[in-house]
Amino acid sequence: NSLLELNLASNSLEQVPSQALEQLKRLRKLNLAQNRIKSLDQNCFFNFKSASQLHIIDLSYNSIQNLHP
């Protein structure tokens, strides 16, 4: 898989789709801005196989209220 950037902005997402993204081994930039995400699990980004490559995560303009340990 050669996808480096993925833009999921403005899709009314309510959670980070980590299972759907875990196969993106080379992903470097993930845009989740302007969604409806209210909470994040502590490991939601570290479950990606691309965790060592993922450099930019945009979560701006969400309603994040909780970061779960």
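**Group meeting: a walk through the predicted model**

The protein has 1 helix and 5 strands. From the N terminus, the order is β-α-β-β-β-β.

Some ground rules. This is a predicted model, where local features need pLDDT of at least 70 and side-chain atom pairs count only at pLDDT 80 or more, while totals for chains, interfaces and linings use all residues. Residues are numbered from 1 along each chain as its sequence is written, and side-chain values use heavy atoms, with hydrogens and water left out.

Now the overall numbers. The protein has 69 residues, and 29% of them count as buried. Buried means under 20% relative accessible area, exposed means over 50%, and partly exposed is in between, with a 1.4 Å probe and protein chains only. The accessible surface is about 4,800 Å², and 43% of that belongs to carbon and sulfur atoms. Those areas come from the Shrake-Rupley method, again with a 1.4 Å probe.

Next, contacts, meaning heavy atoms within 4.5 Å. Take those between residues at least 6 apart in sequence: 66% join residues at least 24 apart.

On to the sheet. Three strands form an open sheet in the order β1-β2-β4, and the pairing is parallel. β1 (5-7) and β4 (56-58) stand at the edges with a single partner strand each, so one side of each has no neighbour in the sheet. The twist from one strand to the next averages 0°. That is an angle between N-to-C directions, on a scale from 0 to 180 degrees, with axes fitted to C-alpha atoms. Two strands pair if DSSP finds at least two bridges between them. β1 and β2 (residues 29-31) have 3 bridges, in the parallel sense.

Which residue of β2 is the bridge partner of L6? It is L30. Both names come back in the largest nonpolar core. That core has 13 residues, and L6, V16, L30, L32 and F45 touch the most other members. A nonpolar core here is a set of buried Ala, Val, Leu, Ile, Met, Phe, Trp, Tyr and Cys residues joined through side-chain atoms within 4.5 Å. In soluble globular proteins, nonpolar side chains tend to be buried together. Beyond its neighbours within four places in sequence, L6 contacts L21, L24, L27, K29, L30 and N31.

Now N35, in the loop between β2 and β3 (39-41). Is N35 buried or exposed? Its relative accessibility is 7%, so N35 counts as buried. A polar atom of the N35 side chain lies 3.1 Å from the backbone oxygen of L8. Leaving out residues up to four places away in sequence, N35 touches L8, A9, S10, N11, S12, L13, Y61 and N62.

Three of those partners deserve a look. A9 lies in the loop between β1 and α1 (18-21). At 21% relative accessibility, A9 is partly exposed. Its C-alpha is 4.7 Å from that of L32, 23 residues apart along the chain.

S10 is in the loop between β1 and α1. S10 is partly exposed, at 48%. Its phi is positive, about 60°, though S10 is not a glycine. Most residues other than glycine have a negative phi.

Last, Y61, in the loop between β4 and β5 (66-68). Phi of Y61 is also positive, near 60°. At 66% relative accessibility, Y61 counts as exposed.

Conventions: Helices (H or I, at least four residues) and strands (E, at least two) are DSSP runs, numbered from the N terminus. A polar contact is a pair of N or O atoms within 3.5 Å; within protein, one must be able to donate a hydrogen and the other to accept it, and residues adjacent in sequence count only if both atoms are side-chain atoms.
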